[in-house]
Amino acid sequence: MPAYEQAMADVLEDRIDPSKAFDAEVALDNIADAHQAMDVRTRLKVLVRP
């Protein structure tokens, strides 16, 4: 099993908390803003919520 598949399983089964990897959070309607922030390096990882 590739590492990313195991990591995804761990997240879905609440064995790890992925929120520590994100430095911002946006609504789905603002995804363009998230991409722009990552592009200009003001954010590294942005969590997009529905």
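Is D10 buried or exposed? D10 is buried, at a relative accessible area of 16%, where buried means under 20%, exposed over 50% and partly exposed in between, with a 1.4 Å probe and protein chains only.

This is a predicted model, in which local features need pLDDT of at least 70 and side-chain atom pairs count only at pLDDT 80 or more, while totals for chains, interfaces and linings use all residues. Residues are numbered from 1 along each chain as its sequence is written, and side-chain values use heavy atoms, with hydrogens and water left out.

**Confidence and overall form**

The mean pLDDT of the chain is 90, pLDDT being the predictor's confidence in each residue, from 0 to 100. A value of 70 or more is reached by 100% of the residues. By element, the mean is lowest in α1, at 88, and highest in α2, at 95.

The chain has 2 helices and 2 strands, and from the N terminus the order is α-β-α-β. Helices (H or I, at least four residues) and strands (E, at least two) are DSSP runs, numbered from the N terminus.

The radius of gyration of the chain is 13 Å, whereas a compact globule of 50 residues would have one near 10 Å. This radius is taken over C-alpha atoms, and the globule rule is 2.2 Å times the number of residues to the power 0.38. Along the principal axes, the C-alpha atoms fill a box of roughly 35 × 20 × 15 Å.

Buried residues account for 12% of the 50 residues. The accessible surface of the chain is about 4,300 Å², and 56% of it belongs to carbon and sulfur atoms; accessible areas come from the Shrake-Rupley method with a 1.4 Å probe, and for residues only the protein chains shown count as cover. Of the contacts (heavy atoms within 4.5 Å) between residues at least 6 apart in sequence, 11% join residues at least 24 apart.

**Salt bridges**

Side chains of opposite charge can pair when their charged atoms come close. A search of the whole structure gives 3 salt bridges, each defined as a side-chain nitrogen of Lys or Arg within 4 Å of a carboxyl oxygen of Asp or Glu.

| Salt bridge | Closest N and O atoms |
|---|---|
| R15 with D10 | 2.6 Å |
| E13 with R15 | 2.3 Å |
| R49 with E25 | 3.1 Å |

How are D10, E13 and R15 linked? They are joined in a network of salt bridges. Leaving aside residues up to four places away in sequence, D10 touches R15 and I16.

The remaining entry in the table pairs R49 with E25. R49 lies in strand β2 (residues 46–49) and E25 in strand β1 (residues 24–27), so the pair ties together parts that are 24 residues apart in sequence. R49 is partly exposed, with a relative accessible area of 42%, and E25 counts as exposed at 52%.

**Nonpolar surface patch**

L28, I31 and V48 form a nonpolar patch on the surface, with about 220 Å² of accessible area together. Patches are made of residues with over 30% relative accessible area and no salt bridge, like charges being joined within 9 Å and nonpolar side chains (Val, Leu, Ile, Met, Phe, Trp, Tyr) within 5 Å. L28 sits in the loop between β1 and α2, the helix of residues 31–39. With a relative accessible area of 47%, L28 is partly exposed.

**Backbone angles**

Most residues other than glycine have a negative phi, and most peptide bonds are trans. Which loop holds D14? D14 lies in the loop between α1 and β1. Although D14 is not a glycine, its phi is positive, at about 60°. D14 is exposed, with a relative accessible area of 69%.

R41 also has a positive phi, of about 65°, and is not a glycine. R41 belongs to the loop between α2 and β2. Its relative accessible area is 65%, and R41 is exposed.
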